[in-house]
Amino acid sequence: MTKSIVLTGITTTGTPHLGNYAGAIRPAINASKDEQVRPFYFLADYHALIKCNEPARVKQSSLEIAATWLALGLDTENAVFYRQSDVPEIMELTWMLTCVTAKGLMNRAHAYKAAVAENEEVEGGDSDKGITMGLFSYPVLMAADILMFNANKVPVGKDQIQHIEMARDIASRFNHIYGEHFVLPEAVLDDNAATLLGLDGRKMSKSYNNTIPLFEPEKKLRKLINKIKTNSLEPGEPKDTDGCTLFGIYQAFANAHEVDAIRKHYANGIAWGEMKQMLFEKINDEIAPARERYEALLQAPEHIEQQLQQGAEKARAISRPFIQTLREAVGILPITQA
């Protein structure tokens with residue numbers, strides 16, 4: 001039976017937080033145990049350079065992300081877990097794809113258009129100020145990540161659908177010129193994936209500095225949960241679950257029966273302090289065992305590196321012969337070779 005290839009990249013620019021865990025990491029960890037698929041998970045460290053010029057941060061983030069996935073039980077026997085920069089064939093493929101990618105396609109990329117629009121809001125400003133070629137052309141690198149392993153499915157958020165469509169366009173163009181080499185990937189949207197709100201009520205994001213790091217020690221976790229913004233309703237006053245940050249986070253960690261019980265507590269006017277205590281206990285119960293493994297892994301970076309190198313060998317067992325095929329397809333081969 002041919003397994004479906006599912007690929008996910010994680011940019012190495014920050015510390016994993018509860019939103020990452022509920023929305024992406026936990027579903028991916030569960031998928032890594034599915035023997036019907038061949039999951040590819042990678043640390044997108046070259047992608048990190050597009051928006052981060054702090055070497056220490058990129059390195060530390062790589063360590064923390066790898067430790068997080070391993071601590072949470074990633075099945076590295078079934079999944080291929082690797083660092084993007086350990087597979088040099090991806091960068092070679094990026095150039096091949098760049099040479100068939102229309103500039104007009106890149107002009108339509110949401111991130112580039114947003115950066116230009118922001119610049120144009122400044123009177124007399126340069127529309128391309130601060131925009132690097134990395135930002136402009138990173139959809140090509142993303143396409144190479146996907147097409148190198150002929151991924152069938154790529155789980156993404158709604159804001160990333162365009163990049164999968166671009167990868168399909170680029171793959172189709174390459175196939176048209178050089179023959180059928182790439183399958184066309186499909187974006188996979190998980191409508192049940194949780195999107196958590198942060199400390200200030202906005203979407204939990206490191207960009208807003210409102211996150212709750214996944215493996216904070218118990219005391220710091222409790223302190224952060226107590227900082228979550230609530231309204232001024234007193235104990236005993238009925239409270240609305242819709243749009244409530246505390247309820248949204250609790251729902252991501254609780255089962256249906258527990259969620260129903262909390263809804264009743266809200267209707268009966270639960271005090272915010274009591275709700276925050278219940279949320280802390282719910283999160284800590286789920287995270288505590290993995291937190292211990294995470295802390296141990298941080299003290300054993302050589303083990304993490306070994307796991308990544310083993311994953312890179314699995315990945316390169318695919319990428320090395322494939323890039324050779326692609327070289328021959330585009331005419332880059334020894335002149336003595338027929």
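Is Asn209 buried or exposed? Asn209 is exposed, because its relative accessible area is 70%; exposed means over 50%, buried under 20%, and partly exposed in between, with a 1.4 Å probe and protein chains only. The model is predicted, so that local features need pLDDT of at least 70 and side-chain atom pairs count only at pLDDT 80 or more, while totals for chains, interfaces and linings use all residues. Residues are numbered from 1 along each chain as its sequence is written, and side-chain values use heavy atoms, with hydrogens and water left out.

Asn209 is placed in the loop between strand S5 (186–188) and helix H9 (218–226). Helices (H or I, at least four residues) and strands (E, at least two) are DSSP runs numbered from the N terminus. Most residues other than glycine have a negative phi. Asn209, which is not a glycine, has a positive phi of about 55°. A positive phi, of about 45°, also occurs at Asn150, again not a glycine. Asn150 belongs to the loop between helix H7 (133–147) and strand S4 (153–155).

Strand S2 (residues 37–44) pairs with two strands, S1 and S3; pairing requires that DSSP finds at least two bridges between the strands. Strand S1 (residues 4–11) runs parallel to S2 and is joined to it by eight bridges. Within this pairing, Val6 has Pro39 of S2 as its bridge partner. From S1 the chain passes through helix H1 (residues 18–31) to S2, in a right-handed β-α-β crossover. Right-handed here means that, with the strands pointing away from the viewer, the path from the first strand over the helix to the second runs clockwise. Between S2 and strand S3 (residues 80–83) there are four bridges, also in the parallel sense, and Leu43 stands opposite Arg83 in S3. Seven of the eight residues of S2 are buried, and the strand is thus mostly covered.

At the surface, Tyr46, Leu49 and Met91 form a nonpolar patch with about 260 Å² of accessible area together. Patches consist of residues with over 30% relative accessible area and no salt bridge, like charges being joined within 9 Å and nonpolar side chains (Val, Leu, Ile, Met, Phe, Trp, Tyr) within 5 Å. A salt bridge is a side-chain nitrogen of Lys or Arg within 4 Å of a carboxyl oxygen of Asp or Glu. Accessible areas come from the Shrake-Rupley method with a 1.4 Å probe, and for residues only the protein chains shown count as cover. Leu49 lies in helix H2 (residues 45–51) and counts as exposed because its relative accessibility is 51%.

Zero disulfides (pairs of cysteine sulfur atoms within 2.5 Å) are present in the structure. Cys99 counts as exposed at 51% relative accessibility, whereas Cys244 counts as buried at 12%.
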